[in-house]
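Colleague: Please put the model up, I have a few things to ask about it.

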Amino acid sequence: MAATILVVDDDDPVRVMLARLLRTHGYTVLQAAHANEARAILAEQPVDLVVSDIVMPGESGIELRRAMLEQFPELPFILISGYSAEGPAEFAARTPHTVFVQKPFAAEQFLALVETTLGAGR
């Protein structure tokens, strides 16, 4: 059975591109444009992985991750950002089941990270 991945990004073209890439590699993909939409989806449907942008209007990807740790402590997260990597990378390094990747990244690199992250959570 294919893993279900929730992609959270306020940038529509980026979110759609990531969703398309994941779908073409056999994953079931859900999409959210912001953290509140992601919370609603997670409340209704189990997912195997969340891929979230960090910088979004309202609640950031890091804030979403912190909140989801309480509800879903084993749920793996991949945090992505095009901004400075130092803070997010440090946060991911000390947060269970959390990985950070800097934009831009190659499709192959991203897919390998998804596979590794899903494998670590199973």
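**Backbone, bridges and packing**

Modeller: Start with His97, which sits in the loop between helix H4 (86–93) and S5. Helices (H or I, at least four residues) and strands (E, at least two) are DSSP runs, numbered from the N terminus.

Colleague: Before that, what kind of model is this, and which pLDDT do local features need?

Modeller: It is a predicted model: local features need pLDDT of at least 70 and side-chain atom pairs count only at pLDDT 80 or more, while totals for chains, interfaces and linings use all residues. Residues are numbered from 1 along each chain as its sequence is written, and side-chain values use heavy atoms, with hydrogens and water left out.

Colleague: Fine. What is the phi of His97?

Modeller: Positive, about 60°, although His97 is not a glycine. Most residues other than glycine have a negative phi, and most peptide bonds are trans.

Colleague: Which residues does a cis peptide bond join?

Modeller: Lys103 and Pro104, with omega about -10°. Pro104 lies in the loop between S5 and H5.

Colleague: What does the side chain of Lys103 meet?

Modeller: The side chain of Asp9, in a salt bridge of 3.7 Å, N to O. The term covers a side-chain nitrogen of Lys or Arg within 4 Å of a carboxyl oxygen of Asp or Glu. Lys103 is in the loop between strand S5 (98–102) and helix H5 (107–120), and Asp9 is in the loop between strand S1 (4–8) and helix H1 (12–24), so the pair ties together parts 94 residues apart in sequence.

Colleague: And the accessibility of Asp9?

Modeller: Asp9 is buried, at a relative accessible area of 0%. Lys103 is partly exposed, at 23%.

Colleague: How many salt bridges does a search of the whole structure find?

Modeller: 5. One of them joins Glu59 and Arg39 at 2.7 Å, N to O. That pair links distant parts of the chain, 20 residues apart: Glu59 is in the loop between strand S3 (49–53) and helix H3 (61–71), and Arg39 is in helix H2 (residues 35–44). Glu59 counts as buried at 18% relative accessibility, whereas Arg39 is partly exposed at 30%.

Colleague: What does Arg94 form a salt bridge with?

Modeller: Glu90, with the closest N and O atoms 3.5 Å apart. Arg94 is exposed at 54% relative accessibility, and Glu90 is partly exposed at 48%. As for shared partners, salt bridges join Asp9, Asp53 and Lys103 into one network.

Colleague: Changing topic. How many residues of S3 are buried?

Modeller: 5 of its 5. Both faces of S3 are covered, with Leu49, Val51 and Asp53 on one side and Val50 and Ser52 on the other. In a regular strand the side chains alternate between the two faces of the sheet.

Colleague: What about pairing?

Modeller: S1 and S3 run parallel and are joined by 4 bridges; two strands pair if DSSP finds at least two bridges between them. Val7 stands opposite Val51 in S3. S3 also runs parallel to strand S4 (residues 77–81), again with 4 bridges, and Val50 stands opposite Phe77 in S4.

Colleague: What unit do S3, H3 and S4 make?

Modeller: A right-handed β-α-β unit. Right-handed here means that, with the strands pointing away from the viewer, the path from the first strand over the helix to the second runs clockwise.

Colleague: Now H1. Which residues are buried there?

Modeller: Arg15, Leu18, Ala19, Leu21 and Leu22. Seen down the axis of H1, they fall within an arc of 160° (taken from the directions from the helix axis to the C-beta atoms), so they line one face of the helix. Pro13, Arg20 and Thr24 are exposed on the other side of H1. Just after H1, Gly26 has a positive phi of about 90°.

Colleague: Last one: how many aromatic pairs does the structure hold?

Modeller: 1. Phe105 and Phe110 are stacked, 5.1 Å centre to centre with 20° between the planes. Rings of Phe, Tyr and Trp (its six-membered ring) pair if their centres lie within 6.5 Å; planes under 30 degrees apart count as stacked, over 60 as edge-to-face and the rest as tilted. Phe110 is buried, with a relative accessible area of 1%.

Key
Buried < 20%, exposed > 50% of the residue type's maximum accessible area, 1.4 Å probe, protein only.
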